[in-house]
Amino acid sequence: ASASATPNVTATLVAELIAAATDPLTETAEVMLTPTLQFTSLSVTGCFLDVTSGGANVRRYPGNTFEVLYSLRSTDRVVPILGYAVTSYNVIYYLIVFENEYGWISSGLGNTSLTGTCERNTDLPFIEVDLPE
C-alpha cells in the first residue's frame with residue numbers, strides 16, 4: 001500500500017517582528033523565528049521505525065529543542081519513515097507519520113529500530129529544513 005501525504009522537501013523560515021515603542025526615541029523589538037512546513041505529496045519509502053522499549057518523543061521539527069507532539073510507545077504499531085533531515089548539530093532526524101500527524105524523531109535513540117529498505121539518499125529522501133539556530 002502506498003500513502004501520499006508528506007511535507008514538502010523544503011521548509012521555510014518565517015520571521016515575525018514585534019515592535020513596541022516605549023518612548024519617541026527608543027523602540028524595543030522582539031524577533032520570533034518559527035519554522036513552517038508546506039505539505040505536498042511524497043511516497044512512502046518502504047522504511048519503518050519501531051520503538052523496541054519504553055517511549056520516544058516525536059517533535060514538531062527536527063531538533064531536541066522543539067515541541068514534543070507525542071511520545072511513540074513500544075506498544076504502538078510500526079510507523080513509516082518518509083524522509084530524513086540533518087540538524088545544524090549533524091544529528092539525523094526521521095520524518096514519520098503516525099495517526100495522520102507528521103513529526104520528527106531522532107535517529108540516535110537506543111530504543112528504536114529500523115526495518116525495511118532504509119538506505120539514506122537511495123530509499124530515504126533528504127528533506128532540507130531551514131531552522132533558527
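Buried denotes a relative accessible area under 20%, exposed one over 50%, and partly exposed a value in between. The exercises below apply these terms to a predicted model.

**Exercise 1. Determine which residues of strand β7 point one way, which point the other way, and whether they are buried or exposed.**

Solution. 
1. Strand β7 covers residues 92-98.
2. In a regular strand, side chains alternate between the two faces of the sheet.
3. In β7, one direction is taken by I92, Y94, I96 and F98, and the other by Y93, L95 and V97.
4. The residues of both sets are all buried. The strand is accordingly described as mostly covered, with seven of its seven residues buried.

**Exercise 2. Identify the strands that pair with β7 and state how many bridges join each of them to β7.**

Solution. 
1. Strand β6, residues 79-86, runs antiparallel to β7 and is joined to it by five bridges. Within this pairing, Y84 has Y94 as its bridge partner.
2. Strand β8, residues 101-106, also pairs with β7 in the antiparallel sense, here over six bridges.
3. The connections may now be examined. β6 and β7 form a hairpin with five residues between them, and N90 in that turn has a positive phi of about 60°.
4. The hairpin of β7 and β8 has two residues between the strands; there E99 takes a positive phi near 50°.

**Exercise 3. Locate R77, classify it as buried or exposed, and state which residues it touches beyond four places away in sequence.**

Solution. 
1. R77 is found in the loop between β5 (68-73) and β6.
2. The relative accessible area of R77 is 54%. Because exposed requires a value over 50%, R77 is classed as exposed.
3. With residues up to four places away in sequence left out, R77 touches F98 and E99. F98 is one of the buried residues of β7, and E99 belongs to the hairpin of β7 and β8.
4. V51 lies 26 residues from R77 in sequence, with a C-alpha to C-alpha separation of 8.6 Å.

**Exercise 4. State how many salt bridges the structure holds, and which residue pairs with E67.**

Solution. 
1. Side chains of opposite charge can pair when their charged atoms come close.
2. The structure holds one salt bridge.
3. E67 forms a salt bridge with R60, and the closest N and O atoms are 2.8 Å apart.

Technical notes: Residues are numbered from 1 along each chain as its sequence is written. This is a predicted model: local features need pLDDT of at least 70, side-chain atom pairs count only at pLDDT 80 or more; totals for chains, interfaces and linings use all residues. Side-chain values use heavy atoms; hydrogens and water are left out. Buried means under 20% relative accessible area, exposed over 50%, partly exposed in between (1.4 Å probe, protein chains only). Two strands pair if DSSP finds at least two bridges between them. Contact means heavy atoms within 4.5 Å. A salt bridge is a side-chain nitrogen of Lys or Arg within 4 Å of a carboxyl oxygen of Asp or Glu.
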